[in-house]
Amino acid sequence: MPDRPSSHDVSPPGIEPAAAASKKLAGQAALSIYLLGTFQVLVNERMVPASAWHGRKAAELVKVLALEPGHRLHREQVMELLWPEHDPDLAANAFYKALHHARRVLEPGLAQGRESSFLHLQGELVVLTAPGVLWVDAEAFERAAAEARQRRTIPAYEAALALYRGDLLPEDR
């Protein structure tokens, strides 16, 4: 991963990964999601190995929620996106399995019956969140690029470029 601008740079707010930003929030759990270039997830500063995702659907669930403004979608929208060929009962079963697996990947020590820190069901909404900071590189890049266009300074453009690691989820094409 490329070096991130320090807090002393003239970069716009919100571009630092969640673990760095979360240190300011008394150690609350942080989640950093990289969608530009290779998909990667960090929980605090722990890299989730690609092999931990086993099947693709748990990772796809996290990707879909990370890309969605507000990081939330109706459960049925998720099922239509990830299992369009399934009937509603099969899609619901597959959804709950993917949700369970994604929770276990993000929090391997999550005790049975405990609520996840990162993936919640709020009524019919599926929500990706973090008690500390949720940081998504694509969002940070968009904010930094907008700030660079507004400021028109070399450091602002460099801060945006530092966040760009490649195309959006190239492995999913």
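The tour goes from a helix pair to a sheet and then into the core.

Before you click, bear in mind that this is a predicted model, where local features need pLDDT of at least 70 and side-chain atom pairs count only at pLDDT 80 or more, while totals for chains, interfaces and linings use all residues. Numbering starts from 1 along each chain as its sequence is written, and side-chain values use heavy atoms, with hydrogens and water left out.

**Stop 1: two helices**

Select residues 56-67, helix α2, and residues 88-106, helix α4. Helices here are DSSP runs of H or I with at least four residues, strands are E runs of at least two, and both are numbered from the N terminus. The two helices pack at an angle of about 80°, with their axes 8 Å apart. That makes α2 roughly perpendicular to α4, a label that covers 65 to 115 degrees. Axes are lines fitted to C-alpha atoms, for helices over the stretch in contact, and angles run from 0 to 180 degrees between N-to-C directions.

Now show side chains at the contact (heavy atoms within 4.5 Å). On the α2 side you'll find Lys57, Ala58, Leu61 and Val62; facing them from α4 are Phe95, Ala98, Leu99, His101, Ala102 and Leu106. By type, the contact has eight nonpolar residues, one polar and one charged. Nonpolar covers Ala, Val, Leu, Ile, Met, Phe, Trp, Tyr, Cys and Pro; charged covers Asp, Glu, Lys and Arg; the others, Gly among them, are polar.

Stay on α2 and pick Ala59, which sits in this helix. Is Ala59 buried or exposed? Buried, at a relative accessible area of 7%; the cut-offs are under 20% for buried and over 50% for exposed, with partly exposed in between (1.4 Å probe, protein chains only). Leaving aside neighbours within four places in sequence, Ala59 is in contact with Phe39 and Trp53.

**Stop 2**

Next, select β4 (72-74), β5 (119-122) and β6 (residues 125-128). They form an open sheet in the order β4-β6-β5, with antiparallel pairing; strands pair if DSSP finds at least two bridges between them. β4 and β5 are the edge strands, each pairing on one side only.

Between β4 and β6 there are three bridges. Look for Leu73 opposite Val126 and His74 opposite Leu125. β5 and β6 pair over four bridges, and Leu119 stands opposite Leu128 there. Their hairpin has two residues between the strands, and Gly123 takes a positive phi near 65°.

Bring the helices back: α2 lies across β4, β5 and β6, running at about 85° to β6. α4 touches β5 and β6, and its direction makes about 140° with that of β5.

**Stop 3: the core**

A nonpolar core is a set of buried Ala, Val, Leu, Ile, Met, Phe, Trp, Tyr and Cys residues joined through side-chain atoms within 4.5 Å. In the largest one, with 39 residues, Leu31, Ile33, Phe39, Val41, Trp53, Trp83 and Leu106 touch the most other members. Which helix gives the largest share of this core? α4, with nine residues.

Finish on Ile33, whose contacts beyond four places in sequence include Val62, Leu128 and Trp135. A second, separate core of nine residues includes Trp135, Ala145, Ala160 and Leu163.

Note on methods:
Parallel < 35°, antiparallel > 145°, perpendicular 65-115°, else oblique.
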